[in-house]
Structure formats: C-alpha cells, structure tokens
Amino acid sequence: MKLTDMKIQDRPQKVLVYGAPKTGKSLLVGKLAEYGYKLYWFDGDNGIDVLFQLPEEARNNIEVYPIRDLGDKQEFAKLSNEFAAYRDFSVCETHGAVNCILCKAQKLPRSEFKWEEVNDNPKAVIVFDSISQLVSSVQNYIARNDSFDDFGSVNKESKREWGHYMAQNLVLGKFFSMVQNAMCKIVCISHETELDAEKNPAMKLTIPTGGTSTQSKAVSKYFGHIVHCRIKTNMHGIVSGTMSDPNAVAGSRLNVDVASSSRGLAALFEVVGNTVAALPASASTVETSATTSAQATNTSTSSQLEALKARIKK
C-alpha cells in the first residue's frame, strides 16, 4: 500500500498525558466527553471525582470501570492481562474486581467491556488512569508470594529481586504493545519522573513514568502524542510540542499543538486526509529573524539621519 493511499483518520491515535499530581491531567482527558467522545474510563487511581466538574451531558458520555487493588488482590494488573489478550471482560461495582466470580454468581451489578462495541464506534476512547498505578499493581502481583503471608499481611522482609523487574518489564511490554497496535483510540494517564536527576542535575529531563527507569525512557515510543501537564504562574498549563520545553518529553507525530487548540485533546483525533502541515520554524529561528529585521531597520534609520545631518551642514 502506498502512503498516499492511507488516511490519517483510519489510524487510531494513542495519547499519553503525564505530569505531577494535581496538574489537571484527568480533567484535560475528561473534557473529550464534551466533544461527543464516548470514554471507557478504567479508574485505578480513584481519581474520578474531578470529572464531576464536567456538565451532565458530558458525564453521560463516560462509562467508569472502578478498579480496586486491595491487599494481595492486584486487579489493575489482572486488567492489563485481559487487555493484552484482547478479551472481553466485566468489572464488578461492589469490589472493583475483574471478572468477579462472586458478583457473577449473586447477579450483582457489573460493567461489561466488549471490544466489538469499542471498535465499531469511531468516537470511542479507552482511558487508563493511571499507568503509575498499573506499574505498582504489576510489581505487587509479580512479588505477591513474597510480599504477603498466608493471612494477607505485608511481609516486611520481602525484597524486589532482578527477576521481579524482568517479569514486570515483560508484563508491561505486552500491555504497551496492545496500546500501540489496538484499532481504537486510547489515552493513558501517568505521572512524571526525572531522568538521571541525582547523577547530573544540570541534565535533568522530565519523562513519563512507565515502569523501571529503562522502560520509562522508552515508553513514549508506544504513543503518537505525548502531552505534559504542569502548573506555571499559578495556572494549569500543558506542553505538547517537541521543542516547547527541552527539559520535558512532549511531542506529536501529527504536529498538533494541543496547547494552542481550543478543542484540547480532541484536536488529536480530528486530523483528516493524508497530509500533515510541516513543522513550524523553531522559536530560536523566529527570534533570530525578528532580531535581524530589527537590526536592519535600525541601520536604515541611522543612515537616513546621517544623510539629513550632512544636508543641514551644507
């Protein structure tokens, strides 16, 4: 297939929104519902309260699946396994458990998730909140036999070994590969970490949390768009351009600037056709051009003044 025969709208976009706690990540994603998108929200951080700020019409477009990790029950890790296998499943409202046998037997309320329903709806968006919680859940799931005794109490002497982290990378790698290749729109929310900040503060780089330090360095490759949320001058702000901040990972493969769009993240899902606008001149180039123009204007003005002085003397 020729690239000219492919359409951008036929390629489901994958977005990673990350930042420190309370920087507006969940609300930024939730506002997709205001533009008619159907959000399938997998809440592992118990952070959906912020979504009540949305108007009722938008909240009606959000299907919430509350996932609860309790003791040695690592449901978010179990959820990632279901997704990696592209299996339909249910989440019970009572325990926040995936495929809860107890609730199924007692016919208690459960929220069903079906891939066919999502893939058939061009306005469907799967939301994972958050990758940080998923990493923690997978860690605990892998080390569950060492971390808890027979009564479910924490074993304080348990330690993470090299094999635990290798297994974690494998589990998360399968999940991220599913995100990358799924034929539907997906938004993942995560927190931030600083790369090599302790070794060299001058080379500090803010990156999304995606597992071990090695996996966090590479997690951005699974997404077409990386949006960094932050607080600046007492306001929530976002960075979505590759060159917007050299100290934070961000960017868009479709060159969409979410920060300047009035439609927020929705702008990432609304690019059509088979051509993307070329990258704009960098800020330094624009600044240099403006400086050169100003210098040229000043030179011309000085020349005119010298000529006027010469005529007066005559």
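Which residues of helix 3 are buried? That was my way into this predicted model. I went through the helix and wrote down Glu75, Phe76, Ala77, Leu79, Ser80, Glu82 and Phe83 as the buried ones. Helix 3 spans residues 75-84, and with 7 of its 10 residues buried, it is largely enclosed by the rest of the structure.

**Entry: the overall picture**

I stepped back to look at the whole protein. I find 10 helices and 12 strands in it. The protein has 314 residues, and 40% of them count as buried. I also looked up how far apart in sequence the contacting residues are. Taking contacts between residues at least 6 apart in sequence, 64% join residues at least 24 apart. The exposed surface comes to about 18,200 Å², with 52% of it supplied by carbon and sulfur atoms.

**Entry: helix 3 against helix 6**

Next I checked how helix 3 sits against helix 6, which is residues 131-142. Their axes come within 7 Å and cross at roughly 100°. Angles of 65 to 115 degrees count as roughly perpendicular, so I have these two helices down as roughly perpendicular to each other. From helix 3, the residues at the contact are Glu75, Phe76, Ala77 and Ser80; from helix 6, they are Gln133, Leu134, Ser137, Val138 and Tyr141. By type I get 5 nonpolar, 3 polar and 1 charged.

**Entry: leaving helix 3**

I followed the chain out of helix 3 and stopped at Tyr86, in the loop between helix 3 and strand 4 (89-92). Tyr86 has a positive phi, near 55°, and is not a glycine. Its relative accessibility is 39%, so I count Tyr86 as partly exposed.

I then noted Asn99, in the loop between strand 4 and helix 4 (101-105). Asn99 also isn't glycine, and its phi is positive, near 50°. With a relative accessible area of 32%, Asn99 is partly exposed.

**Entry: cysteines**

How many disulfides does a search of the whole structure find? I get 0. Cys92 is in no disulfide, and the nearest cysteine sulfur belongs to Cys103, 3.7 Å away. Cys92 is buried, at a relative accessible area of 0%. I looked up Cys229 too, and at 1% relative accessibility it counts as buried.

I found a cis peptide bond between Asp129 and Ser130, with omega about 10°. Ser130 is in the loop between strand 6 (124-129) and helix 6.

That took me to Ile189, in strand 7 (residues 185-190). The C-alpha atoms of Ile189 and Ser130 are separated by 4.9 Å, though the two residues are 59 apart along the chain. Is Ile189 buried or exposed? At 1% relative accessibility, I count Ile189 as buried. Leaving out neighbours within four places in sequence, I listed its contacts: Val17, Lys25, Ser26, Val29, Trp41, Val127, Phe128, Asp129, Ser130, Ile131 and Ser132. Both residues of the cis peptide, Asp129 and Ser130, are in that list.

Gln168 is buried, with a relative accessible area of 1%. Not counting residues up to four places away in sequence, Gln168 touches Val135, Val138, Gln139, Ile142, Gly211, Thr212 and Gln215. Val138 is a residue I had already written down for the contact of helix 6 with helix 3.

Ser216 was my next stop, in helix 9 (residues 213-218). Ser216 is buried as well, at a relative accessible area of 3%. Its contacts, leaving aside neighbours within four places, are Ile207, Pro208, Thr209, Gly210 and Gly211. Gly211 is also on the list for Gln168.

**Entry: Lys22**

To finish, I looked up Lys22, in the loop between strand 1 (14-19) and helix 1 (25-30). At 69% relative accessibility, Lys22 counts as exposed. Which residues does Lys22 contact, leaving aside neighbours within four places in sequence? I find Ile231 and His236. Lys22 and Ile231 are 209 residues apart along the chain, and their C-alpha atoms are separated by 8.8 Å.

Terms used
Residues are numbered from 1 along each chain as its sequence is written. This is a predicted model: local features need pLDDT of at least 70, side-chain atom pairs count only at pLDDT 80 or more; totals for chains, interfaces and linings use all residues. Side-chain values use heavy atoms; hydrogens and water are left out. A disulfide is a pair of cysteine sulfur atoms within 2.5 Å. Buried means under 20% relative accessible area, exposed over 50%, partly exposed in between (1.4 Å probe, protein chains only). Helices (H or I, at least four residues) and strands (E, at least two) are DSSP runs, numbered from the N terminus. Contact means heavy atoms within 4.5 Å. Accessible areas come from the Shrake-Rupley method with a 1.4 Å probe; for residues, only the protein chains shown count as cover. Axes are lines fitted to C-alpha atoms, for helices over the stretch in contact, and angles run from 0 to 180 degrees between N-to-C directions. Angles under 35 degrees count as roughly parallel, over 145 as roughly antiparallel, 65 to 115 as roughly perpendicular and the rest as oblique. Ala, Val, Leu, Ile, Met, Phe, Trp, Tyr, Cys and Pro count as nonpolar, Asp, Glu, Lys and Arg as charged, and the others, Gly among them, as polar.
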